[in-house]
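This report covers a ligand site and the strand arrangement of one protein. The sequence and model come first.

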Amino acid sequence: MQDTMQDTTQELILIHEADGVLELRFNRPEKKNAITGAMYDALTAALLDAAERPAVRVVLIAAEGETFTAGNDIKDFLTMTGGLSDTPASRFIHTIAAFNKPLVAAVNGPAIGIGTTLLLHCDLVYASPEASLSVPFVDLGLVPEAGSSLLLPLRVGFARAAELLLLGEAMDADAALAAGLVNAIISSDTLRGHAREKAQKLAAKPPSALAATRALMRGELGTLHAHMRQESVVFSKALKGAEAREAFTAFLERRKPNLDGAAPPIASVA
Ligand code: COA
């Protein structure tokens with residue numbers, strides 16, 4: 001397959017395509033690769049384009065620096081007063097959840113919030129020994145997104161999912177491997193190369209059989225998307241709530257959040 005070598009440097013999402021593998025790399029290391037609206041839009045556009053182009057067989061998600069991503073940009077959260085639905089973040093999570101080609105990830109360090117929840121939509125995940133997975137939504141006064149409140153209990157069992165989602169505890173690379181959330185632990189200097197090799201191996205397979213097998217493994221997506229919409233309703237309420245706004249401000253002011261004036265519980269949508 002031809003190497004199209006298209007490398008758009010100086011961007012917050014680096015895009016590189018070769019041998020049927022489109023690599024999307026977070027490139028905001030000075031902010032721990034926290035994801036802004038513009039970065040979500042770039043990711044979504046790249047995925048939508050990759051879905052349409054037969055030359056792209058597999059997408060690899062990786063990161064520059066020592067953090068995979070510190071999740072959604074917290075300053076952006078403070079300005080998202082309209083909630084989550086129809087935002088760059090929500091368009092991205094629905095796009096990745098519906099993506100029709102294999103997704104491979106190389107997790108080089110902490111993967112926080114959406115950094116972990118996007119992995120639940122990937123087919124193969126390779127992690128360095130420094131990687132850790134965490135979804136501290138509750139600590140931020142938020143609730144899970146990207147279908148993670150459905151997918152994590154299914155993938156790791158309710159007990160472990162509760163440690164991640166309720167206690168907000170991080171899972172190190174060994175624990176993530178044992179829990180089946182990552183395929184292998186690979187030293188950081190060879191991680192991306194290893195993940196790319198596996199992506200290229202997938203890219204060389206018959207694409208229709210691969211896509212059909214992947215679709216069968218994932219099953220019917222209606223339930224997942226309905227669950228994501230439900231998460232989005234609760235997330236949007238939480239995002240505007242006092243707990244979240246205090247948590248975001250506390251993070252930016254580098255202090256502990258003050259939960260004394262805690263808001264009433266967020267109503268269930270069940
Ligand atoms: N949103 C916006 N900015 C972020 C960020 C985020 N999610 N995560 C890190 N940053 C910024 C910091 O504000 C800091 O910016 P500054 O240098 O202009 O002050 C810079 O990235 C470096 O982060 P810092 O906290 O100083 O690094 P650290 O090594 O001490 O800690 C983390 C790294 C990732 C553990 C810590 O930054 C963190 O907890 N980030 C928030 C994670 C999170 O809760 N994400 C949301 C999940 S829903």
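In what sense do strand β4 and strand β6 pair, and over how many bridges? Strand β4 (residues 103-107) and strand β6 (residues 124-127) pair in the parallel sense, over 4 bridges.

## Basis of the values

This is a predicted model, in which local features need pLDDT of at least 70 and side-chain atom pairs count only at pLDDT 80 or more, while totals for chains, interfaces and linings use all residues. Residues are numbered from 1 along each chain as its sequence is written, and side-chain values use heavy atoms, with hydrogens and water left out.

## The sheet of six strands

β4 and β6 belong to an open sheet of 6 strands in the order β1-β2-β3-β4-β6-β9, with mixed pairing. Strands are DSSP runs (E, at least two residues) numbered from the N terminus, and two of them pair if DSSP finds at least two bridges between them. The edges are held by β1 (13-18) and β9 (184-185); each has a single partner strand, so one side of each is left without a neighbour in the sheet.

Within the β4-β6 pair, Val-104 stands opposite Leu-124 in β6.

## The sheet of three strands

Another open sheet consists of 3 strands in the order β5-β7-β8, and its pairing is mixed. Its edge strands are β5 (110-112) and β8 (171-172), each of which pairs on one side only.

β5 pairs with strand β7 (residues 132-134) in the parallel sense over 3 bridges. Here Ala-111 stands opposite Leu-133 in β7.

## The ligand site

The ligand sits in the largest pocket. A pocket is an open set of points, on a 1 Å grid over the protein atoms alone, where a 1.4 Å probe fits, with protein on both sides within 12 Å along at least five of seven lines; a molecule sits in it if more than half of its atoms lie within 2 Å of its grid points. Around the ligand are 14 residues, of which Lys-31, Ala-70, Asn-72, Ile-74 and Arg-254 come nearest (a residue is near if one of its heavy atoms lies within 4 Å). By class, this shell has 7 nonpolar, 2 polar and 5 charged residues.

Which side chain has an N or O atom 2.5 Å from an oxygen atom of the ligand? That side chain belongs to Lys-31. A polar side-chain atom of Arg-254 lies 3.0 Å from a ligand oxygen atom, and a backbone N or O atom of Ala-70 is 2.7 Å from a ligand nitrogen atom.

Definitions and conventions:
A polar contact is a pair of N or O atoms within 3.5 Å; within protein, one must be able to donate a hydrogen and the other to accept it, and residues adjacent in sequence count only if both atoms are side-chain atoms. On a 1 Å grid over the protein atoms alone, a cavity is a set of points where a 1.4 Å probe fits but cannot get out, and a pocket is an open set with protein on both sides within 12 Å along at least five of seven lines; lining residues have an atom within 4 Å of a point. Ala, Val, Leu, Ile, Met, Phe, Trp, Tyr, Cys and Pro count as nonpolar, Asp, Glu, Lys and Arg as charged, and the others, Gly among them, as polar.
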